[in-house]
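Please look over the sequence and the structure shown here before reading the notes that follow.

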Amino acid sequence: MIIFALLVVVILLTIGIVYLIDKYVPKKFKSFILAGLWVLIIYLGYITFMSIYGEIQFNQLKEKRYKLVIENLKDIRDAELAHRTVTGQFEGNWDSLVKFIENEKFTITQRRDSTIIDKVLTRLYGVDTNKDIVIIDTLGFVSVKDSLFGADPRYKTMMNVPVGKAGQKFELKAGLLEQNGINIPVFEASVSKAIILFDQDKNLVDIESEVVSVEGVNGPSLKVGSMDEINTNGNWPKNYSEQ
């Protein structure tokens, strides 16, 4: 936008110079000078148009690529949440996460309330005393793969960044974060914006990497989860995808 503003100022100044030349410069020099200035005005106008058009094209391509990347990140989050449900931890290795999806099962349970004799209180008071309990029944098991992905094998390639620089994988981390004396499992999957937009104008990519906006993807990467806080959300706004 700064470049655009400068170009507009230069064009306006050039038009002003044309006006002054037309009014005060001798006629024999006027035509050559004016022709050169009009060429400059047309050239600057073209540069201004292309800078605006180029930014529009960049934003359209960026949004398209981000949406494809986000779909993979959502699959990764689903897989990690399933891993925590079954094992109590997140997984930081792609091969292990894929094997988990293929081999492990969710336990289907049912909770029901019941009442039993409280033997301690019964002995203490000499009369039958009841207490309420919750009974958890195991109803069966269901495959993690079938539950999350059905017959779709995309979990085998969810670690690959689907657009941008070829052959890139998401960076995956998992560990424990201490909070109030308790170690809580955390994970993070991320990819640099510079990888997603590697073939675009470097200045525009640098600007995008420093975005701080409610409607933008803040920071230098697109990611889900966090190693610094208890958070399994993505860092993209709703205009790109529902969380």
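In which helix does Leu124 lie? Leu124 belongs to helix 4, which covers residues 119–125; helices (H or I, at least four residues) and strands (E, at least two) are DSSP runs numbered from the N terminus. This is a predicted model, in which local features need pLDDT of at least 70 and side-chain atom pairs count only at pLDDT 80 or more, while totals for chains, interfaces and linings use all residues. Residues are numbered from 1 along each chain as its sequence is written, and side-chain values use heavy atoms, with hydrogens and water left out.

**The chain as a whole**
- The protein chain has seven helices and five strands, and from the N terminus on these elements follow the order α-α-α-β-α-β-α-β-β-α-α-β.
- Among the 243 residues of the protein chain, 31% count as buried, where buried means under 20% relative accessible area, exposed over 50%, and partly exposed in between (1.4 Å probe, protein chains only).

**Around Leu124**
- Leu124 counts as exposed because its relative accessibility is 59%.

**The loop with Asn180**
- Asn180 is placed in the loop between strand 3 (171–179) and strand 4 (182–192), and Asn180 counts as exposed because its relative accessibility is 76%.
- The phi of Asn180 is near 55°, a positive value in a residue other than glycine.
- Most residues other than glycine have a negative phi.
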